[in-house]
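Morning, everyone. I have one structure to walk you through today. Please take a look at the screen.

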Amino acid sequence: MKRIEEKIHSIKPVSYGKDKFINKELEPSAKTFYVCRNCKTENEIEIEPYKTGFPFFEIYRNKLIDESIILDSGMASKSIRQSEYLGEYLVLNLPTLYFKTSCKNCNSDHMVVFGCGESQPGKQICKISGVWNIPETTKLL
Ligand SMILES: [Zn+2]
């Protein structure tokens, strides 16, 4: 699990497994997988609520990804007013996180974006909005 520290120029969607986990399915962690865009190897994704991921707003507030990429890819949507304190772009208006991970076989970079939190009292939910290969990045000056 790594932070994104370079500018993302393009993303390419990859296929992944189960994308929604509720209550007990999150204990102790949500487990699914993605298929590497480059070599087709299946890689595990594990999300431990409140431990896995970095705040998604870090990457757009630091201008590492354009708003148009976020919206066009379905990575996140503009947040409703009551959820704006969590960030401008959210998954299901939940606290939204991301992490970068590399394929265990060919090392190519992918990013996972998900919302995780209480959607209503007593209902803990984790929803993965997608997994993308990030083929090109450049360091910001
Ligand atoms: Zn690979």
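One term before we start: a contact here means heavy atoms within 4.5 Å. Also, this is a predicted model. Now, among contacts with a separation of 6 or more, 56% join residues 24 or more positions apart.

Next, the overall build. The protein has two helices and 10 strands. Along the sequence, the order is β-β-β-β-β-α-α-β-β-β-β-β. What about its size? The C-alpha trace spans about 40 × 30 × 25 Å along the principal axes. A compact globule of 141 residues would have a radius of gyration near 14 Å, and the protein agrees, with 14 Å. Of the 141 residues, 47% are buried. The accessible surface is about 7900 Å², and carbon and sulfur atoms hold 48% of it.

Now the metal. Which residues coordinate the zinc ion? Cys36, Cys39, Cys103 and Cys106 do, each through SG, at 2.3 Å. The site is tetrahedral, with angles of 101 to 115 degrees among the four donor atoms. In sequence, the donor spacing reads C-x2-C-x63-C-x2-C. Cysteine 36 sits in the loop between β3 and β4, and cysteine 103 in the loop between β8 and β9, so this pair ties together parts 67 residues apart in sequence. Are these two buried or exposed? Both cysteine 36 and cysteine 103 are buried.

One last stop: valine 35, in strand β3. Beyond its neighbours within four places in sequence, valine 35 contacts Val14, Ser15, Lys40 and Thr41. Take valine 14: it lies 21 residues from valine 35 in sequence, yet their C-alpha atoms are 6.3 Å apart.

Conventions. Residues are numbered from 1 along each chain as its sequence is written. This is a predicted model: local features need pLDDT of at least 70, side-chain atom pairs count only at pLDDT 80 or more; totals for chains, interfaces and linings use all residues. Side-chain values use heavy atoms; hydrogens and water are left out. Donors are N, O and S atoms within 2.8 Å of the metal (3.2 Å for Na, K and Ca); water is not among the atoms, so sites may look incomplete. Four donors count as tetrahedral if all angles lie between 85 and 135 degrees; four count as square planar and six as octahedral if opposite donors are over 155 degrees apart and all others between 65 and 115; anything else is irregular. Helices (H or I, at least four residues) and strands (E, at least two) are DSSP runs, numbered from the N terminus. Buried means under 20% relative accessible area, exposed over 50%, partly exposed in between (1.4 Å probe, protein chains only). The radius of gyration is taken over C-alpha atoms; the globule rule is 2.2 Å times the number of residues to the power 0.38. Accessible areas come from the Shrake-Rupley method with a 1.4 Å probe; for residues, only the protein chains shown count as cover.
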